Amino acid sequence: MNRNRLCLWLSLAAVACSKVGADSVAPPAPPVYTIQAGFAAEAPETRSRLDFEEKTQARVLWTGGDAFRMYRMSSSAYSQTTYTTQDDGVVSATFTTTKRLGEDDSYTSIYPAAVYGVSGKNDDILLRIPVPPTQEAVPGGVQEGLNFAAAWSSSQDENLQFRNLMSYVRFRLSGAAVSTLQSVTFDAGKTVAGDAALYFQDGEVHFGYTSSFSTTTYERSNTVTLSGTFVEGQDYCIAMVPASLTGGFTLTFSDGEGRLIEKRSSKALTLTRSRIVDFGTIDLGDTWGADDQVIRVVTQTKGRKKNVIALLADGYTSDQLDLFEERARTAVDFLFSVEPFKSYKEYFTVYVCRTVSNESGAGVNDPKDKDKIIKAVDNRFGSRWPDDGTYSTMTADAAKIQAYLKAAIPEVVSKEVTYQDVPTALLINDTRYGGICHIYSGGWNYCQIPFQKNGGTSRWSFPKYQAVNEQDKSQGYRETTDAERDEMGRMVGDWKNTFIHEFGGHAYGRLTDEYWSGTSTVSAPAAIAGHSYTVPHALNVSGFYDSAPWKEDLLDHLDEWTARNPDYGRIGLWHGAYKSLYFRWRSEKISCMIDNRPYYSTWQRILIVRRIMTKAGETFDMDDFIAKDVTVDPIRPVVPASASVEERSRILLKARSQALLVPEMPLLPPPVIHLEEDF
């Protein structure tokens with residue numbers, strides 16, 4: 001098939017068959033309908049067939065077997081037929097079909113012939129056109145099947161003029177780095193790939209995105225990646241759905257080992273149907289730079305599938321990347337000092353990504369509008385949050401993070417995993433207090449952790465009020481006592497504790513918060529939506545007392561568990577979680593998901609290990625979990641069993657006094673939930 005053709009001119013005629021033999025008449029053969037396909041000089045918008053004959057209009061040469069598909073809509077049904085040519089290497093070819101569609105006032109033809117999703121719209125055909133966000137790098141052209149063209153007519157006998165649908169970005173490459181290049185990613189900042197829709201209305205072609213179709217082949221994407229082997233001096237093209245890019249664009253070049261070269265432009269760019277935007281020759285130089293390196297700091301040695309996590313820098317300039325790397329390695333070490341991550345470290349691949357920013361720090365947005373910028377900072381991923389001490393609108397540019405993961409993480413580039421399989425942490429070069437996680441129902445997450453208080457210590461506390469009865473709201477609430485706080489231990493830590501809460505708990509474990517504020521509450525028991533997500537969220541919390549997610553595994557065997565280890569006696573049903581004092585239950589009184597301590601509850605550890613096993617392609621086994629499980633909570637005061645009453649009181653009083661010397665910080669905001677269609 002000739003994949004470089006962009007425009008067609010067609011005429012239609014019918015050919016009848018004659019008798020066969022002198023004395024006998026063969027059954028009438030079906031008529032063969034023919035179409036002459038030629039080059040359309042009347043379509044000046046088509047200036048190239050991707051052989052890049054500069055500023056000339058290319059000739060169309062057909063290849064035997066070329067075909068397009070014609071559709072006819074009738075009421076709520078449609079019919080179709082395929083026209084095919086046997087001619088090879090000619091300007092004007094004959095296309096034939098034996099199927100007549102019948103008379104109607106609406107026909108849509110699409111090249112190349114393929115299976116397209118179809119529905120009706122305004123008595124016309126609405127077609128789903130699959131535009132892949134990952135394409136093969138083809139010297140001098142585009143991946144076969146991506147030169148979509150369409151035509152509309154009021155009858156099957158009408159001459160057709162095909163119109164090109166796609167827009168193309170063209171470039172050439174120079175420099176020794178080209179020899180090891182494996183992918184080029186174009187980040188448009190707007191949707192330019194994924195399942196698109198085509199229809200004709202009032203004689204005009206419409207091609208773009210609509211809610212009339214659900215995704216079946218490709219999710220919508222702001223990026224398109226060319227993958228393959230690249231040759232210096234050759235022409236390459238990226239095929240995209242037309243769009244107006246008012247915010248500029250980015251080209252990212254990757255060698256497949258995590259080393260990147262990025263070219264960014266703030267200029268507006270209009271990707272027009274049928275046009276080729278020529279970027280000319282892009283010089284990659286002779287070496288891959290020290291900036292934007294992807295460093296593997298943990299190598300997976302167990303598991304059938306890759307289980308990848310990534311830490312990215314935001315707000316670190318080129319001369320601050322060594323500082324970022326030091327902090328990132330410290331965060332990774334801290335995460336893997338906490339159970340169950342410590343015991344399952346060999347199931348992880350961890351990347352520290354030296355992503356450079358033009359300016360240091362993070363921006364400031366409006367407390368009520370995350371996209372309203374009060375103070376702009378030219379950092380890499382757009383991290384920003386208010387200056388008024390609130391954090392609920394703390395955010396970053398998710399599309400930029402996704403584009404980076406697609407271009408830089410080796411397992412994503414090699415298609416062993418997708419970017420949705422890579423939970424991501426942004427370490428932000430900003431000393432303001434904060435931290436948040438953005439959780440997507442389909443499984444991807446990213447969280448944001450600043451270097452709060454210049455690495456200084458903070459204190460987080462158990463909520464002030466708690467329910468009198470773990471099941472019955474009518475008995476009211478009471479204040480948490482000092483004795484209870486002494487028993488649970490008082491949490492003093494720093495930004496690394498925010499990291500294990502936001503990343504280890506929310507982003508990787510897909511756990512929700514188990515704290516609440518004051519006496520705020522939901523009105524009645526109710527199901528938690530996240531439990532039914534594609535990748536479940538908030539399974540560490542129950543909306544019903546009698547059917548907690550941990551009932552079957554833990555509560556129904558509590559005597560057995562406690563006999564194995566007295567620490568399992570912490571397991572139960574505790575009123576208060578997920579921002580509500582009542583009608584939300586947690587499995588233990590205190591954990592990382594309340595005050596950031598380096599201790600995940602037993603049920604949280606089970607959920608995290610199940611996720612580790614699933615992502616690594618292994619099967620979770622409860623006996624294996626119990627054999628490896630470590631139940632120590634290092635924040636609970638360690639009082640020797642032989643201690644006297646006076647000695648016990650002295651130890652607890654000392655811990656209380658030391659904690660009170662550290663300023664108490666508010667608990668961080670709950671995760672921001674994004675449904676699947678937000679991708």
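Predicted model: local features only at pLDDT ≥ 70, side-chain atom pairs only at ≥ 80, totals over all residues.
Visitor: How are the rings of Tyr545 and Trp585 arranged: stacked, tilted or edge-to-face?
Guide: The structure holds 29 aromatic pairs. In the pair of Tyr545 and Trp585, the ring centres are 5.8 Å apart and the planes stand at 70°. Planes over 60 degrees apart count as edge-to-face, so the arrangement of Tyr545 and Trp585 is edge-to-face.

Visitor: How many residues apart in sequence are the parts that this pair ties together?
Guide: Tyr545 belongs to the loop between helix H5 (495-508) and helix H6 (558-564). Trp585 is in strand E37 (residues 580-586), so the parts tied together are separated in sequence by 40 residues.

Visitor: Is Trp585 buried or exposed?
Guide: Tyr545, its partner in the pair, has a relative accessible area of 25% and is partly exposed. Buried means under 20%. Trp585 has 2% relative accessibility, so Trp585 is buried.

Visitor: Which residue lies over the face of Phe451?
Guide: A charge sits over a ring only if NZ of Lys or CZ of Arg is within 6 Å of the ring centre. For Phe451 the distance from the ring centre is 3.6 Å, and the residue is Arg327.

Visitor: Which elements give two or more residues to the lining of the largest cavity?
Guide: The structure has 5 cavities of 30 Å³ or more, and the largest holds about 100 Å³ of space. Its lining includes Trp460, Arg485 and Asp595, and divides into 5 nonpolar, 2 polar and 5 charged residues. The elements asked for are strand E32 (458-460) and helix H4 (482-488).

Note on methods: Residues numbered from 1 in each chain as written. Heavy atoms only, no water. Phe/Tyr/Trp six-rings, centres within 6.5 Å; stacked < 30°, edge-to-face > 60°. Helix = DSSP H or I, 4+ residues; strand = E, 2+ residues; numbered from the N terminus. Buried < 20%, exposed > 50% of the residue type's maximum accessible area, 1.4 Å probe, protein only. Lys NZ or Arg CZ within 6 Å of the ring centre and 35° of its normal. 1 Å grid on protein atoms, 1.4 Å probe; cavity = no way out; pocket = protein on both sides within 12 Å on 5 of 7 lines; lining within 4 Å. Points joined across faces, edges and corners; volume = space filled by probe spheres on them. Nonpolar A, V, L, I, M, F, W, Y, C, P; charged D, E, K, R; others polar.
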